[in-house]
Amino acid sequence: MNKKLEYGLRKIKYARLRVTGLERAYDQESNPIVKEALLTCLRKEKDKLNDYEITGIYEEN
């Protein structure tokens with residue numbers, strides 16, 4: 001497999017793991033300030049994955 005493609009797939013795999021972890025952390029958190037921060041991060045990660053599904057390009061910013 002092409003190294004560049006393999007690296008890209010690895011980025012997507014870890015992004016999906018981050019989303020899952022953020023969702024779990026959000027569900028377990030009771031502090032509203034922390035929940036808001038987690039929700040912000042979760043939305044950003046989900047937006048990146050949605051953009052990837054549409055364009056095929058994952059941007060890490």
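Contact here means that heavy atoms lie within 4.5 Å of each other, and helices (H or I, at least four residues) are DSSP runs numbered from the N terminus. The model is predicted, so local features need pLDDT of at least 70 and side-chain atom pairs count only at pLDDT 80 or more, while totals for chains, interfaces and linings use all residues. Residues are numbered from 1 along each chain as its sequence is written, and side-chain values use heavy atoms, with hydrogens and water left out.

Consider helix α2, whose 24 residues should span 34 Å at 1.5 Å a residue, the expected span being 1.5 Å times one less than the number of residues; the end C-alpha atoms of α2 are 34 Å apart, which agrees. Just after α2, Gly-56 takes a positive phi of about 85 degrees.

Within α2, the residues Leu-38, Leu-42, Glu-45, Lys-48 and Leu-49 are buried, a term for under 20% relative accessible area (1.4 Å probe, protein chains only). What covers the buried residues of α2 includes α1, residues 3-28.

Glu-45 has a relative accessible area of 11%, and is therefore buried. Leaving aside residues up to four places away in sequence, Glu-45 touches Ala-15, Arg-18, Val-19, Leu-22 and Tyr-58. With the side chain of Arg-18, the side chain of Glu-45 makes a polar contact at 3.4 Å, that is, a pair of N or O atoms within 3.5 Å, of which, within protein, one must be able to donate a hydrogen and the other to accept it, and residues adjacent in sequence count only if both atoms are side-chain atoms.

Technical notes:
Buried < 20%, exposed > 50% of the residue type's maximum accessible area, 1.4 Å probe, protein only. Helix = DSSP H or I, 4+ residues; strand = E, 2+ residues; numbered from the N terminus.
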